[in-house]
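My entries follow in the order I made them.

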Amino acid sequence: MRSNEQRYRDRVEQNDAHDRELVDDHLSSSVQTDDPTSNQRNQDEIAERFMRSLQQIEVTGDVEPLVALFADNADVLNLAMSEPLQGQQHIRQFWQKYLSVFDRIHSRFTHVAEGNGTITLEWISEGALSSGEPFSYRGVSILETKNGRVQHFRTYYDSAAFLPQGAK
């Protein structure tokens, strides 16, 4: 009989294959030019690196690969915050706090859209909260980019996923 952990790992592997396919499809359909400074190409690269880095930190717990994608004066904001956090140290703390909510988490991306310095990522995240309670929630993250780095990050999601089981 397979354990819950093994079933979770199998699901993550299946989702990873889906995510790789989504990224490959997205990159192959994007308009590319020979100009290495092309905004479209930069956005493609940032979107791919962001998705891969987020999934990497969800496995390793090391937020540095994701923090490195942000400009020094970038800001982040989610539904639980009234004001954005700005700067590398605050961004690092933002992602550390994000991970601390979960015992395990895996995000898969269902749609990517780009244009005019903005990347929109639709996603579904599943796993277990730090209490051990399973969860699944979906949302949208918006990345505004400048000079090949994330300048502004906003994320919107179904916060009901974090309510105790009886309150949902």
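Entry 1, confidence. I looked up the mean pLDDT of the protein chain, which is 84, with 73% of the residues reaching 70 or more. pLDDT is the predictor's confidence in each residue, from 0 to 100. I note that this is a predicted model, that local features need pLDDT of at least 70 and side-chain atom pairs 80 or more, while totals for chains, interfaces and linings use all residues. Residues are numbered from 1 along each chain as its sequence is written, and side-chain values use heavy atoms, without hydrogens and water. I marked residues 26–37, where pLDDT stays under 50 and the model has 16 contacts beyond four places in sequence. Contact means heavy atoms within 4.5 Å.

I found four helices and six strands in the protein chain. In sequence order they run α-α-α-β-β-α-β-β-β-β. Helices (H or I, at least four residues) and strands (E, at least two) are DSSP runs, numbered from the N terminus. Of the contacts with a separation of 6 or more, 53% join residues 24 or more positions apart.

The protein chain has 168 residues, and 42% of them are buried. Buried means under 20% relative accessible area, exposed over 50%, and partly exposed in between (1.4 Å probe, protein chains only). The chain exposes about 9400 Å², with 47% supplied by carbon and sulfur atoms. Accessible areas come from the Shrake-Rupley method with a 1.4 Å probe; for residues, only the protein chains shown count as cover.

Entry 4, pocket. I looked up which residues lie nearest the centre of the largest pocket: Asn78, Phe94, Tyr98, Tyr137 and Tyr157, from a lining of 24 residues. A pocket is an open set of points on a 1 Å grid over the protein atoms alone, where a 1.4 Å probe fits, with protein on both sides within 12 Å along at least five of seven lines; lining residues have an atom within 4 Å of a point. Helix 4 gives the most to this lining, four residues. By class I have 17 nonpolar, six polar and one charged. Nonpolar covers Ala, Val, Leu, Ile, Met, Phe, Trp, Tyr, Cys and Pro, charged covers Asp, Glu, Lys and Arg, and polar the others, Gly among them.

I placed Ala113 in strand 3 (residues 102–115). Ala113 is partly exposed, at 31% relative accessible area. Leaving out residues up to four places away in sequence, Ala113 touches Thr118, Ile119 and Thr120. Its C-alpha atom is 9.6 Å from that of Ile142, 29 residues apart along the chain.
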